[in-house]
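Here is a short tour of one protein model, written for someone new to reading structures. Keep the 3D view open and find each place as it comes up.

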Amino acid sequence: MDFRLKNFNLSFFNNDVNNSGDMQQKFALWAEYRAEITALLDDATNKDTKNILVLGAGKCNDIDLHYLCSRFARIVLSDVDIKSIEDGMRMQGVSDGDRKKIELLEMDYTGLAEAGFFNQLESMIQQKSSANAFVSYIESSIQNIHVCDDIACDNAHFDVVLSCPVYTQLMYTQSEIFLQILNQYQLYTAKDLQKMDHAFIKSMSQVVRHYNALMMSMVSDDGVVIMLTDIIEIIRSEELHNTIGNLLDSQPLDVCLIEKHITKHGLAFAKNGREDWLEKADVITTEYILWPFNDYKSYLVYGAVGKKKSIG
Ligand SMILES: C[S@@+](CC[C@H](N)C(=O)[O-])C[C@H]1O[C@@H](n2cnc3c(N)ncnc32)[C@H](O)[C@@H]1O
């Protein structure tokens, strides 16, 4: 059987993910979370803050577009899935006047789409390449990735860069599906698939480091970066949901205990991303927010406001 990937380009893949679940319901369910992000943003900015770049805007369910339009003169919403941003603007009823302030920036934060990463993997399977050849290709291409510098330069130096939770969405979600498809074709042994999976996982630290560097390259020297990451996935029916909920409600906040839960239950790519981000930023403030994602699960989101680390 000839191996073929269907509808696997990055924007199609993410559009599919972004369309999962009922959009109206999500928008309503995320209202409190959206308000907390708006408050974080409002506290982090001042009257001199004129423009903002949002990374991972997706359906804009976590960003209040009316607030952004009332607060900023120039708003750039970015994602690899522009269709979802358009749905989000429609959903929030952005007026024609406000729409003029908004620019859409289609961008792949990994640079892998332009490098034809998954197309190359597809051809390698068709040529019956070995699992070891896969591993070398995955590792070498991720070492060499770069995002089109022109895009970053043309848009550089925003007063605010807001990154929605993106670390856990970059590359690996697509790699997981890729391996599931490969498994269905039964062209490789379970051990081979494991080797490939390991190579994808190993490469993720480079992908998130690269994303953070991009984020930092787009903020002005005096500007602020707001980084949000979905650091623990919490199943609503499990005890951890109550535990985290109670911890977030208690005053003063027991940061030490929250961090212990992150160490134990935290998502690896989110933790990697945060660790690298903290090395690149001078932190102003941090926050923990509950994100009720759907009826089944919530996320504990770690949010941090910082400035680009000054050199020297
Ligand atoms: C969890 S969502 C963030 C929530 C989103 N703001 C919303 O309201 O739906 C992560 C976003 O990252 C985007 N994304 C994933 N991989 C990407 C990539 N390589 N380049 C650019 N955007 C990407 C997805 O399309 C998605 O919109």
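Which residue has a polar backbone atom 3.3 Å from a nitrogen atom of the ligand? That residue is Val80. Bear in mind as you look around that this is a predicted model.

**Around the ligand**

| Residue | Atom of the residue | Atom of the ligand | Distance |
|---|---|---|---|
| Cys60 | backbone N or O | oxygen | 3.4 Å |
| Val80 | polar backbone atom | nitrogen | 3.3 Å |
| Met107 | backbone N or O | nitrogen | 3.4 Å |

Now move to helix H7, residues 117–126, and helix H10, residues 172–185. Their axes come within 12 Å and cross at roughly 15°. With an angle under 35 degrees counting as roughly parallel, H7 and H10 are therefore roughly parallel to each other. The crossing of H7 with H10 is right-handed. On the H7 side you can pick out Phe118, Leu121 and Ile125, which meet Gln174, Ser175, Phe178 and Leu182 of H10. Sorted by class, this contact has 5 nonpolar residues, 2 polar ones and no charged ones.

H10 also packs against helix H11, residues 190–217. Here the angle is about 175° and the axes are 10 Å apart. That makes H10 roughly antiparallel to H11. H10 brings Tyr172, Ser175, Phe178, Leu179, Leu182 and Asn183 to this contact, while H11 brings Leu193, Met196, Asp197, Phe200, Ile201 and Met204. The contact of H10 with H11 divides into 9 nonpolar, 2 polar and 1 charged residues. If you compare the lists, you will find Ser175, Phe178 and Leu182 of H10 in the contact with H7 and again in the contact with H11.

Met171 sits in the loop between strand E4 (158–163) and H10. Met171 has a positive phi of about 55°, although it is not a glycine.

**H12 and H13**

How do helix H12 and helix H13 cross, and at roughly what angle? H12 covers residues 239–249 and H13 covers residues 255–265; their axes come within 10 Å and cross at roughly 150°. Since an angle over 145 degrees counts as roughly antiparallel, H12 and H13 are therefore roughly antiparallel to each other. Their crossing is left-handed. Leu240, Thr243, Ile244, Leu247 and Leu248 make the contact from H12, and Leu257, Ile258, His261 and His265 make it from H13. Of these residues, 6 are nonpolar, 3 are polar and none is charged.

Finish your tour in the loop between H12 and H13, where you will find Pro252. Gln251 and Pro252 are joined by a cis peptide bond, with omega at about -5°.

Conventions
Residues numbered from 1 in each chain as written. Predicted model: local features only at pLDDT ≥ 70, side-chain atom pairs only at ≥ 80, totals over all residues. Heavy atoms only, no water. Axes fitted to C-alpha atoms, helices over the stretch in contact; angles between N-to-C directions. Helix = DSSP H or I, 4+ residues; strand = E, 2+ residues; numbered from the N terminus. Parallel < 35°, antiparallel > 145°, perpendicular 65-115°, else oblique. Left-handed = near helix turned anticlockwise from the far one by under 90°. Contact = heavy atoms within 4.5 Å. Nonpolar A, V, L, I, M, F, W, Y, C, P; charged D, E, K, R; others polar. Polar contact = N/O pair within 3.5 Å; in protein donor to acceptor, adjacent residues only side chain to side chain.
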